[in-house]
Amino acid sequence: MRPIKILGIAPYEGIASLMQQAAESRDDLQIVVHVGNLTAGAEIAAAQTAQEEYDVILSRGGTAEAIRRCTDLKVVDIPLSVYDILRSIKLAENHNCKYAVIGFPAITRNATFLCEVLRYNVDIYTIHDQKEARTILQGLENSGCQMVLCDVVTNSLAQEYGIPALLITSGIESVEDALNTAVQEGLARRKALELAQFFQDVIRAMPYDTLVSDEAGQDLFVSLSPELPDSVLAKAHSAIMQRTAEPHRSCLEENGIRYALQSTPIQMEGALRHVVTIEKSRLSIPLEKYGIAYSDRQQAVDTFFDSFYGITQSFSTANLTLEQYLQSNRPLVVYGEPGTAKPQMVQMLYAKGPLSNAPLIKIDCAMLMHPGWKYLMASDRSPLMGDGCTLMMSHVEALTDEQFSELFSTIMALHTQERNRLFFVASSSSSGTMHPHYARLVDMLNCLMLQMPPLRSHLQDIPRLSGLYISTLNMRNARAVIGFEPEANLCMTEYSWPGNYDQFCRVLDELVLHTTTPYISVETVRDQLKRECTFYPGAVSQTHALPVDLTLEEIEQIAVQQALQAENGNQKRAAERLGISRTTLWRMLQKETPHPHRK
């Protein structure tokens, strides 16, 4: 076995000779000795360890303390035994004069013990640096002390004050004991380094990249493939800087490769370390192209607060009690008319929920097509086979009956709803009806239901929402729009907003873009709402006359929608209001023209 390499820093020549003498007959160590006291010794140690690799440092007293402050290596202190101190006291007694003991804690600790046992009446002073030594020596000079027993630091200073000094020296036995300790410390350090190197080699041999950092985000260990994209590395550092005490998972797709990141916090010596592993797998299909997208909590939060709904906090206007939905793990159907912020609600529930440290997986059934459907149903990496994630499925109505049955059977067979949180986004008509697929999901998966109210149910909030969003549009587009003229504001609150928040947000974008004055005029609002008839032919202001260019069928649709709104979606009462049968009303609803902004 390779000998333990020791760096000896001796505060005086005598102990340097003892180090060399004690090491001569040993083949389990190799020692290099330099002489230097306190700061000089620490500077020598720093220079030597920078040039060569040592297992341990051997020194004594204040010099050992100074070295510890400038190196991470173990510093073994040559002890002053009780015998060493007793020998010095006996020498002092030969002078038959008053004396005191001054030294660093390694000296005074044993001196105190010895004097208590032998009942010696000796003044003992503990120092930690030269300044403290000078103060004590000055006081002893004034008190008439005739001799001091001390270490090297005090020995050199005592001459300045004219006080004879007797140096307390370590004997060969103390040096031999220190060398034994140094060898054991060196062996322990070498074993720890070998074990650390072994585990590093094991980690590098694993089929994934690894990054370890401290609490400040500084890298402690890096094992990364050179071809790892910068976006993935940035994602890894982002996971570290969240500094969460819980494990965190996220996914990223880049150039046809899926990167799965796992951030695990580990406590070490009272400090938090973060270990991020990055597992990559080549995808047979580009997932996002076929309607499957991964995001994490930070992305969900950023997406939400960059949207109209996050800027205006329009959810607060709905008076929704969300706590029950956050605490439950049952599948949840979030439904409402098109444009009522259903996906945004799901992202907010995910970000605030207990599974936010795992990915949010968005599955758009309308975009799956054959490759995406095959991946979802048959791949061993299918989101349906995961654990502890949040799945948001939208446009389930786009699936055929056969596909829906296969999807539902797969979810039940894999117990996906038990191992993950499922959200379904469902669009309903203005009368409140949904596709039959959702009724089956609710019944068979025991889903909770959360309805997103339409904008027309709280038109009184339009001025507040407009003001908040216009402020953001001014910042984005370098505009200076203050708000609406009073009559223009009235037009906005009287419009029925069939496209709800999505339409409202788009109209505000258009109005700010086309406004050249501080206030948006009523003419600008009327022109924009008239253009909205292209997408929503049945939507008009509740207090204004119908446009003259509408067809009879479009006017009937307007009457049906207004009757339903007046009766809060109750088809029976709406039919009675219109003076027609429920069957006739149902047939008229089937003619309702879908617009391109439905979600």
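**Strand pairing, helix packing and selected residues**

Within strand β16 (residues 360-364), Ile-363 is the bridge partner of Ile-292, and β16 pairs with β14 over four bridges in the antiparallel sense, where two strands are said to pair if DSSP finds at least two bridges between them. The structure is a predicted model, in which local features need pLDDT of at least 70 and side-chain atom pairs count only at pLDDT 80 or more, while totals for chains, interfaces and linings use all residues. Residues are numbered from 1 along each chain as its sequence is written, and side-chain values use heavy atoms, with hydrogens and water left out. Helices (H or I, at least four residues) and strands (E, at least two) are DSSP runs numbered from the N terminus. In strand β14 (residues 292-295), Ile-292 and Tyr-294 point one way whereas Ala-293 and Ser-295 point the other way, and all are buried (buried being under 20% relative accessible area, exposed over 50% and partly exposed in between, with a 1.4 Å probe and protein chains only). In a regular strand the side chains alternate between the two faces of the sheet.

An open sheet is formed by five strands, which follow the order β10-β9-β13-β12-β11 with antiparallel pairing. Its edge strands, each of which pairs on one side only, are β10 (219-223) and β11 (248-254), and the twist from one strand to the next averages 15° (axes are lines fitted to C-alpha atoms, for helices over the stretch in contact, and angles run from 0 to 180 degrees between N-to-C directions).

Antiparallel pairing of β12 with β13 extends over 12 bridges, and Gln-267 stands opposite Leu-272 of β13. This second hairpin likewise has two residues between its strands, with Glu-269 in the turn at a positive phi of about 55°.

Two pairs of packed helices were examined. The axes of helix α4 (residues 82-93) and helix α5 (residues 105-118) come within 9 Å and cross at roughly 70°, which means that α4 is roughly perpendicular to α5 (angles under 35 degrees count as roughly parallel, over 145 as roughly antiparallel, 65 to 115 as roughly perpendicular and the rest as oblique). Contact, meaning heavy atoms within 4.5 Å, is made by Val-82, Ile-85, Leu-86 and Ile-89 of α4 with residues of α5 including Ile-107, Asn-110, Phe-113 and Leu-118. The residues of this contact divide into 10 nonpolar, one polar and no charged, where Ala, Val, Leu, Ile, Met, Phe, Trp, Tyr, Cys and Pro count as nonpolar, Asp, Glu, Lys and Arg as charged, and the others, Gly among them, as polar. For helix α19 (residues 486-494) and helix α21 (residues 522-531), the axes come within 8 Å and cross at roughly 25°, so α19 is roughly parallel to α21. Here Glu-487, Ala-488, Cys-491 and Met-492 of α19 meet Val-522, Val-525, Arg-526 and Leu-529 of α21, a contact of six nonpolar, no polar and two charged residues.

Several single residues complete the description. Arg-119, in the loop between α5 and β6 (123-126), has a positive phi near 60° and is exposed, with a relative accessible area of 79%. Asn-446 lies in the loop between α17 (436-445) and β19 (448-452); its phi, near 55°, is likewise positive, and at 46% relative accessibility Asn-446 counts as partly exposed. Asn-474, by contrast, is placed in helix α18 (residues 462-477) and is buried, with a relative accessible area of 13%; leaving aside neighbours within four places in sequence, Asn-474 is in contact with Arg-479, Ala-480, Val-481 and Val-512.
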